[in-house]
Amino acid sequence: MLDHLDHALRSRPERPAVLTAARTGAPRVRATRGELAELADAFAAALHARGLRAGDTVGVAVRPGPRALAVLLALWRLGLRGAVLDPGAGPDVLRARLALARPALVLADAAAQAVAGWARPLARRALLALPDLAELGPVATVGPRLPGCAPALDLGAPRRGVPAPGVDLDGDADAVIVFTSGTTSLPRAVVHTRASLAAGMTTVSALFDARGDRPVLGGTFFVLVPALARGAAVALPAGNSRVLARQLDRLRPEDTYLTPPRLRDALGAGARFHGRVWTGSAPAGAGLLERVRAAGAGEAWGVYALTELFPAAAVEAREKSAFEAAGEPGDLVGAPLPGVRAEPDGSGQLLLSGPAARHRYLGEEPDPWVRTGDRARLDGAGRIVLEGRSKDMVLRRAENIYPGLYEPALHVPGVELAVLVGIPAGDGDERLVAVVQPRRGTDEQALRAALSEPVRRMGTARPDALLLARIPLSGRSRKPDRAATAALAARRLEVSGR
C-alpha cells in the first residue's frame, strides 16, 4: 500500500493531503498531495546521498504530520528500518532502547532537539524528555533548523540513482521497530516487516473504506496511509477539545479515529459526530460508544489492536450493548478480522496470529503467535471476549505503561520495596500509583524529596500519586501482591480524597 500511495499522491498533486484546523475549526491545508510526494522524494535522495542503504536503521524523532509521513515514505522506499523514538518514555529508557537498535542516523526536528537540549526544563512539565540525541548516533535535522540544532538534512541532494518505490525490496525485510516493554537493561521491541506492515494497513483500509470526496479525521500512521492511498484528505485532530468539536462540525468527516480519552474530552466539549467513529488503544465500553452514537455518529466502533498486531478485532456499539444487556461476563471486542486467527492457550491467555502480526521481538527468534497478555475466551459466535489482563501492564489515557520498566528507578536509598499499580479511574481508564515501602527509621519527608527526581524522569509514565505504605506480599517467594497493593492504594486515596 505504501508503494501504491507513492504513485497515488502524484496522480492528483493539486488536491489537499493533510489538513489542520484554525481555532474556529475551519480546515487549513497543511500539505497537498504533490507537496507530500516531493518532500518524500527529497528525503529519499538526502538519505541515499548520506550512504544509507536497505537494512540500515534510522531513528525517527519527528512530530506527527506531513514531514513525519514523508520521512516514513522515504524510509520505505529505500528499504531502511525506522526506529520510533518516544520522548514520553524518559531519557534512561530511550537510551537503552537505542543502544539495542543501533541507528546509523537519527532524524529529529527542532522540537525534539529542543526537548533534548535548551527546552529540557520546559519539556519536563509536559512529561517529555530525551537524552542528548548525539549519544544515540549521528543526528540530522528535519524541517526548519534552529540555533543549536544538528546540521540539516540536504534536501537538494541529487536524485539520480535513488531507487524507485518498491524496486527489488524483500517483503520479509524489517520495516519498523516500535519499543513496547522490557527494562532499561533488557528493552523489548516489536519488529514489523514490510509484509506485516502492509497487511495491517490493508485491513484498516477495508474497515475505513475511505472515499476521495470525504475527509478522514485521525492522526495515526495506520489512518493516514490507507486514507491517502484511496484519495481522501486526512485532518489531524486539534489538540484543544473545544477546537476539535468545532473541527468536527466544520469538516463532517465520514470516518473519525480518536482514542477513548480524546473521545471523552470531545464529548465533554459538546462535539457532534458524523458517519463512522472508531476508537482503540484503550478499553472503550458500550456506554462510551453509545454516547458517541447519541452525539450524531451513524456507527461507533471499538477496535482491539496491539502494537504486535494492528488491528485484530472490531465491534460496533449496538452489538456490544446487546452483549452487555444479555448479562454476559467479560468485554466483547468483536470477531477476529479477516486473516486473524485467535485462540486461548492453556492458561486462558489470548494468542493471535495472522499476516499483520509482528515478525519477532528484536534480538529474539521469530514467533507466529502473539501472546497478548490478555485473558480471553471465544464465545459461540467465535467472537473475542476479554476477561482481564494476565500481565501487569497499566493502561492510562490510551498509553501502555509497563511497571517493570520504571520500578527500579524508585529504589533510592531508604526504599525497601516499590511497585507501580493501576487502580480504576472510570470508563476503562486507570490511575497509576507508586506505592513505596520505606526502610525502618527512614525520614519520610526526605524520602519523598529523594524520589522526586526519578519520578520526574519517568516521562509519561509519571505516577498520578505516590503513597508510602507497607506492601502486601504473597506466595512462597513472598513477592509483592499487586492486586492487594492496588486495593490498598485505592482505599488510601479514597480516604484522603485524592
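Analyst: Happy to: we'll go through the helix, then its partners, then the cores. This is a predicted model, in which local features need pLDDT of at least 70 and side-chain atom pairs pLDDT 80 or more, while totals for chains, interfaces and linings use all residues. Residues count from 1 along each chain as its sequence is written, and side-chain values use heavy atoms, without hydrogens or water.

Start at helix H11, residues 286-294 (helices are DSSP runs of H or I, at least four residues, and strands are E runs of at least two, numbered from the N terminus). Its buried residues (under 20% relative accessible area with a 1.4 Å probe, protein chains only) are Ala286, Leu288, Leu289 and Val292. Looking down the axis, these fall within an arc of 165 degrees, so they line one face of H11; the arc uses the directions from the helix axis to the C-beta atoms.

That buried set packs (heavy atoms within 4.5 Å) against helices H10 (260-268) and H12 (317-325), together with strands E12 (276-279), E13 (299-306) and E14 (309-316). Just after H11, Gly296 has a positive phi of about 115 degrees.

Now the cores, each a set of buried Ala, Val, Leu, Ile, Met, Phe, Trp, Tyr and Cys residues joined through side-chain atoms within 4.5 Å. The largest has 75 residues, with Leu47, Leu107, Tyr304, Leu352 and Ile384 making the most contacts inside it. Helix H3 (66-78) gives the most to this core, nine residues.

Terms used: Buried < 20%, exposed > 50% of the residue type's maximum accessible area, 1.4 Å probe, protein only.
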